[in-house]
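Me: Here is the model I'd like to go through with you. I'll ask as I go, and may jump about.

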Amino acid sequence: MICDFLTLAAPGVRTLQPYQPGKPESELRREYGLSDIVKLASNENPLGPSPRALIAVREALSGLARYPDGNGFELKTALSVKLGLSTAMLTLGNGSNDVLELAARAFLTPAHEAVFSEHAFAVYPIVTQAIGATARVAKANPPDHPMPHGHNPSAILELINDRTRIVFIANPNNPTGTWLKTAELEALLAAIPESVIVVVDEAYVEYVEAEADCPNALHWLSRFPNLIVTRTFSKAYGLAGLRVGYAVSHPQVADLLNRVRQPFNVNSLALVAATAALDDVSHLERSKTLNRAGMRQLQDACRQWGLNWLPSAGNFLCVDVGRPGREVFLDLLKRGVIARPVDNYGLPQHLRISIGSEAENARLIEALGAVLKD
Ligand SMILES: Cc1ncc(COP(=O)(O)O)c(C=O)c1O
């Protein structure tokens, strides 16, 4: 009789629900025999990476027999110049998910708690639970709030106690797209005790428009030494497939994060691609312009259908489809379009749609229009 390995698993892992990624195109091709597929399900950049990143990757291919630079010297130097801060404040990750997990591993124990909001990014509960720490979930804003389903600073503060070690704040948040404005986040950071690590996850920060008043939390690092800001090359930089992200924090915090990091967590192609991508300001600008236009395209269609959507400062829109989002997701799949149901985030009537190229958005709009008529 084979032993029941579930009973052997660490308590937090026993009840852990794995992360549900966006459905890969290859899976839809296999399951439905479709060839012309549009994927708008993982908030990727429809322009792809900077051509400079691709050149750097090609040049680095011949060195694949060697381990990567475990300290990521060149990428850290490029980031420190770009962001105007010391390399001692940086921790590189295999995507920003990796640094989110490093923060949990460095600071949480089964005796501690992590606080985050309802509808917040799914990796926070996973990294908390895997360690056996307790997740405390703050009520989000009500649907009639100007920032519906967004983080509610007072609800977050109410859950902080002597056992709290980490607060996770996605700004802007995925899957809602909502954000805490500058004054709100600043007041929240000021109200959180210095003994609580605050992770501000800025995966979408490059897409933020000035008028949104969504802050760049790096400005507060010297004022709040308990702050960790995480960022990624997966979204606006178009490098999701290579897995590279980073954390910026007080050097002592960075030292702790680096202690739990795997020796070569960022591969050599990711290192050179990210370094080259950072330099390509015009590619980033093109990506943002495309996103702005695509956002308008999708919002115009929603307006015509009479559908509401949540405010979004990212490269995706969370749309209230007025019926079970998972059913709409399945109907779209049959038409070769992959979007993202968000019932697992407590939003059963919403569908999260990533902004694609103009043609991809048009395909989605045509397919969704047909599904909504059924
Ligand atoms: C809010 C947020 N944080 C972090 C991530 C992780 O991205 P990556 O691990 O690709 O950097 C994502 C990805 O979807 C995200 O939406």
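Me: What covers the buried residues of H9?
Reply: The cover includes helix H8 (153–158), S5, strand S6 (197–201) and strand S7 (227–232). Helices (H or I, at least four residues) and strands (E, at least two) are DSSP runs, numbered from the N terminus, and buried means under 20% relative accessible area, with exposed over 50% and partly exposed in between (1.4 Å probe, protein chains only). This is a predicted model, in which local features need pLDDT of at least 70 and side-chain atom pairs count only at pLDDT 80 or more, while totals for chains, interfaces and linings use all residues. Residues are numbered from 1 along each chain as its sequence is written, and side-chain values use heavy atoms, with hydrogens and water left out.

Me: Which residues of H9 are the buried ones?
Reply: Leu 185, Leu 188 and Leu 189 are the buried residues of H9. They lie on the same side of H9, because they cover an arc of only 100 degrees around the axis, the arc being that of the directions from the helix axis to the C-beta atoms.

Me: And Thr 178, where is that found?
Reply: Thr 178 sits in the loop between strand S5 (164–170) and helix H9 (182–191). Its relative accessibility is 1%, so it counts as buried. Apart from neighbours within four places in sequence, Thr 178 has contacts (heavy atoms within 4.5 Å) with residues including Met 147, His 149, Asn 173 and Pro 311.

Me: Switching topic, how is the chain divided into domains?
Reply: Domain 1 takes in 7–48 + 282–373 and domain 2 takes in 51–280, with bounds that come from an automatic or database domain assignment. Taken over C-alpha atoms, their centres are 23 Å apart. The contact between them takes 33 residues from domain 1 and 34 residues from domain 2.

Me: How much area do domain 1 and domain 2 bury between them?
Reply: About 2,800 Å², with 62% of it on carbon and sulfur atoms; buried area here is the accessible area (1.4 Å probe) that two parts lose on being put together, summed over both. On the domain 1 side, Pro 311, Ala 313 and Tyr 345 lose the most area to domain 2, together 23% of what that side buries.

Me: How many salt bridges are there between domain 1 and domain 2?
Reply: The count is one, where a salt bridge is a side-chain nitrogen of Lys or Arg within 4 Å of a carboxyl oxygen of Asp or Glu. The structure as a whole holds 18. Asp 255 is partly exposed at 36%, whereas Arg 259 is exposed at 60%.

Me: Last topic, how many disulfides does a search find?
Reply: The search of the whole structure finds zero, taking a disulfide as a pair of cysteine sulfur atoms within 2.5 Å.
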